[in-house]
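Subject: Structure for your review

Hello,

The structure you asked about is below, and my notes on it follow. Please look through both when you have time.

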Amino acid sequence: MSYSQKVVEHYENPRNVGSFAKGDEDVGTGMVGAPACGDVMKLQIKVNPATGVIEDARFKTYGCGSAIASSSLVTEWVKGKTLDQAASIKNSQIAEELALPPVKIHCSILAEDAIKAAVEDYKKKHSN
Ligand code: FES
Ligand code: FES
């Protein structure tokens with residue numbers, strides 16, 4: 001199986017790799033695993049508490065090229081979005097943008113789940 005050009009491009013030049021400082025109140029963290037293959041993805045968002053807009057994002061993915069490309073892409077997409085907009089990103093949009101083949105769809109689902117988990121984590125931190 002060969003990777004699409006966009007997957008290779010993100011895989012070779014991943015955007016926003018890393019993590020934010022521990023204890024940052026404005027950060028939401030999502031950590032998800034794919035039962036199918038054991039890959040793990042950690043995705044973080046940094047939110048402007050005054051506006052509720054995501055200003056920055058980071059990821060660390062231990063997994064295949066498609067999972068790395070999916071998380072790299074999503075960290076770009078969430079910037080400038082509200083929490084609800086970010087949480088409504090669909091794995092099908094990621095899969096389409098990266099031209100993922102059917103066996104790699106779960107890699108894009110991992111990215112959708114990771115961003116949803118990061119938004120949930122942020123909301124939980126700021127619920128009171
Ligand atoms: Fe996930 Fe290959 S199965 S890295
Ligand atoms: Fe499992 Fe890509 S995340 S093969």
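Glycine 28 stands opposite isoleucine 45 in S2. Further along, methionine 41 in S2 is the bridge partner of valine 32. Strand S2 covers residues 40-48 and runs antiparallel to S1, with seven bridges joining the two. Strands here are DSSP runs of E with at least two residues, helices are DSSP runs of H or I with at least four, and both are numbered from the N terminus. Two strands pair if DSSP finds at least two bridges between them.

Before the rest, some notes on the source. This is a predicted model, in which local features need pLDDT of at least 70, side-chain atom pairs count only at pLDDT 80 or more, and totals for chains, interfaces and linings use all residues. Residues are numbered from 1 along each chain as its sequence is written, while chains are lettered from A and ligands numbered from 1 in the order in which they are written. The average pLDDT (the predictor's confidence in each residue, from 0 to 100) is 94 for the chain, and 98% of the residues score at least 70. For the complex, the predictor gives a pTM of 0.92 and an ipTM of 0.69.

The sheet

S1 and S2 belong to an open sheet of three strands, ordered S1-S2-S3, with antiparallel pairing. Strand S1 (27-33) and strand S3 (53-62) are at the edges with a single partner strand each, so one side of each has no neighbour in the sheet. On average, neighbouring strands of this sheet are turned by 15° against each other, direction ignored. The hairpin of S1 and S2 has six residues between the strands, and glycine 38 in this hairpin takes a positive phi near 85°.

Helices on the sheet

H2 lies across S2 and S3, at about 170° to S3. H5 lies across S1 and S2, at about 140° to S1. Axes are lines fitted to C-alpha atoms, for helices over the stretch in contact, and angles run from 0 to 180 degrees between N-to-C directions.

Helix against helix

How far apart are the axes of H2 and H5? Helix H2 (residues 65-78) and helix H5 (residues 105-125) have axes 8 Å apart and pack at an angle of about 40°. That makes H2 oblique to H5; angles under 35 degrees count as roughly parallel, over 145 as roughly antiparallel, 65 to 115 as roughly perpendicular and the rest as oblique. Residues of H2 in this contact include Ser66, Ala67 and Val78, and those of H5 include Cys107, Leu110 and Ile115. Contact means that C-beta atoms, placed from the backbone, lie within 7 Å. By class, this contact of H2 with H5 has eight nonpolar, four polar and no charged residues. Ala, Val, Leu, Ile, Met, Phe, Trp, Tyr, Cys and Pro count as nonpolar, Asp, Glu, Lys and Arg as charged, and the others, Gly among them, as polar.

The axes of H2 and helix H4 (residues 91-98) come within 10 Å and cross at roughly 110°. H2 and H4 are therefore roughly perpendicular to each other. Ser66, Ala69, Ser70, Leu73 and Val74 of H2 make the contact with Ile94, Glu97 and Leu98 of H4.

H4 and H5 also pack together, at an angle of about 130° and with their axes 8 Å apart. That makes H4 oblique to H5. Asn91, Ile94 and Ala95 of H4 meet Ile105, Ser108, Ile109, Ala111 and Glu112 of H5.

Regards

Terms used:
Two residues are in contact if their C-beta atoms, placed from the backbone, lie within 7 Å.
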